[in-house]
Amino acid sequence: MRSTLYLKFLIVYIVFGFLGIFMVAIVGTSFFDQTIQTKTSTELYREANMIASDYLPHYFSKEIDNKETSLMLRGMSRQLSASVWFFDRKGELILSSTQDGLALPPNEMADFDPAEIGSKRYIIGTYHDLFDQEVMTVISPVIYGYTPQGYLLIHKSMASINTLRNQLMKSLYIVVAIIYALSFLILLGFNFIVYLPLRKITEAATQYASGNLSHVIPVTTEDEIGYLSASLNTMSSKLKDMEEYQSKFIANVSHDIRSPLTSIKGYVQAIEDGTIPPEMQDKYLKIILFETERLTDLTRDLLTLSDYDKRKLLLNNELFDIHEVIKHVASSFEGTCKEKKVSIDLIFATKYLEVYADKSKIQQVLYNLMDNAIKFSHHNSIVTIETTERGDKVSVSVKDDGVGIPRNELNKIWDRFYKSDVSRGKDKKGTGLGLSIVKDALKAHGENIYVVSTENVGTEFTFSLPKKKQG
């Protein structure tokens, strides 16, 4: 970024300066030339017309003499800083007043044509090569007796006009230079407001790419740059948590796979080399079978969670009787309940109660919840499964009178591979993934699950399902 973005803005700034000066030189010069010439010619033409119509006709009527007329022309020449010539209609000079630096008038103008200006008010040039420099010339007729008796010519040096233009251009250049200098503040603002924060963000991205997720971008503003920085900080924090979770996840999976495999390998080798006598082999084969079932359950649960993590799980939603599913799942625990002398009490809101969900996923939810409830129930206790209608939802609760969950562990029971101290003592076969699967399955349905538990009193899990298709 140091050699690209900032350099691009610097180049744009420099090009902007050159283009500004170029445009001022071309457009400004042309504009001022046109403006000054128009204003000067208007002023000269107005003065010429005023003198030619108000005073000079008196010269032909003999009301004023040469002296008075000459005095008037000299005053006019000084006022306009121009040469003033007074010719009769034949082109013969009557009187004149010449500005310093300009040529004297001829006594007679050969081929004098007062109409040469045409529709314009002025002409620019050397006026019949009488001047050695460019002048602006205006001509005004002197009317007496309804006919032109003479003509008043005013010649103003273009050098003085150009001097005024150059002064104005100099002022304009100064203004442009000041604006250009002030615009440097924009470049500085870009540097501090945009470029430097972007460099920090780029540096952070480089750190994240190299694996340093602890890098934090300082957030000092509340604009889009600040929002982007905060978002990247949040992203790095979540990636760091995910990395830690992944490491912990892999460690837990490795432990839960290695432990039964170690047992299986040890017992098989002991049977093979005769360490375990034949009469004891049946006992250890049952242990091997138990550990194999643990591996099977772990593999199945991991595959299930993998489907949820990919977020590509397609729910096969349908209308079905939730009571029929509860009965079917409850019947699968008949052997376990007899062995532990735990009874299952079903309390249904109605005889039939249909819900709209993925039947197989809800069976899995109920199986995991009932399995936990029976596993952590005391002998000769009751597990209660109850349904309730609540508007367009059906509430299902699974309640036991077991050991309960410590208050400080309630928020952790949804974590994968998490087992409470009580669970570690009682749940030898559990993978620690059952409740994670339950929560993810209900989340995929857009539903939540809640838990209420008291130690040595019992635990109740409650979740909801829609009665019909939503939307």
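Predicted model: local features only at pLDDT ≥ 70, side-chain atom pairs only at ≥ 80, totals over all residues.
Mentor: Residues are numbered from 1 along each chain as its sequence is written, and side-chain values use heavy atoms, with hydrogens and water left out.

Trainee: Why is R165 called buried?

Mentor: Buried means under 20% relative accessible area, exposed over 50%, and partly exposed in between, with a 1.4 Å probe and protein chains only. R165 has 17%, so R165 counts as buried. Across the protein, 38% of the 471 residues are buried.

Trainee: Where is R165 found, and what is R165 in contact with, leaving aside its neighbours within four places in sequence?

Mentor: R165 is in helix α4, residues 158–209. Helices are DSSP runs of H or I with at least four residues, strands are E runs of at least two, and both are numbered from the N terminus. Contact means heavy atoms within 4.5 Å, and with those sequence neighbours set aside, R165 has T29, F32, D33 and I36 as contacts.

Trainee: What makes a set of residues a nonpolar core?

Mentor: The members are buried Ala, Val, Leu, Ile, Met, Phe, Trp, Tyr and Cys residues joined through side-chain atoms within 4.5 Å. The largest one here has 37 residues, and I322, L366, L369, F461 and F463 have the most contacts inside it. Helix α9 supplies the largest share of this core, 7 residues. A second, separate core has 27 residues, including I36 and V176. In soluble globular proteins, nonpolar side chains tend to be buried together.

Trainee: Which residues is L369 in contact with, beyond its neighbours within four places in sequence?

Mentor: L369 has V398, L435, V438, I449, F461 and F463 as such contacts.

Trainee: How do you know how α7 lies against α9?

Mentor: Axes are lines fitted to C-alpha atoms, for helices over the stretch in contact, with angles from 0 to 180 degrees between N-to-C directions. The axes of α7 and α9 come within 10 Å and cross at roughly 45 degrees. Under 35 degrees is roughly parallel, over 145 roughly antiparallel, 65 to 115 roughly perpendicular, and the rest oblique. So α7 is oblique to α9. Among the residues making the contact are I322 and V325 of α7, and I362 and L366 of α9.
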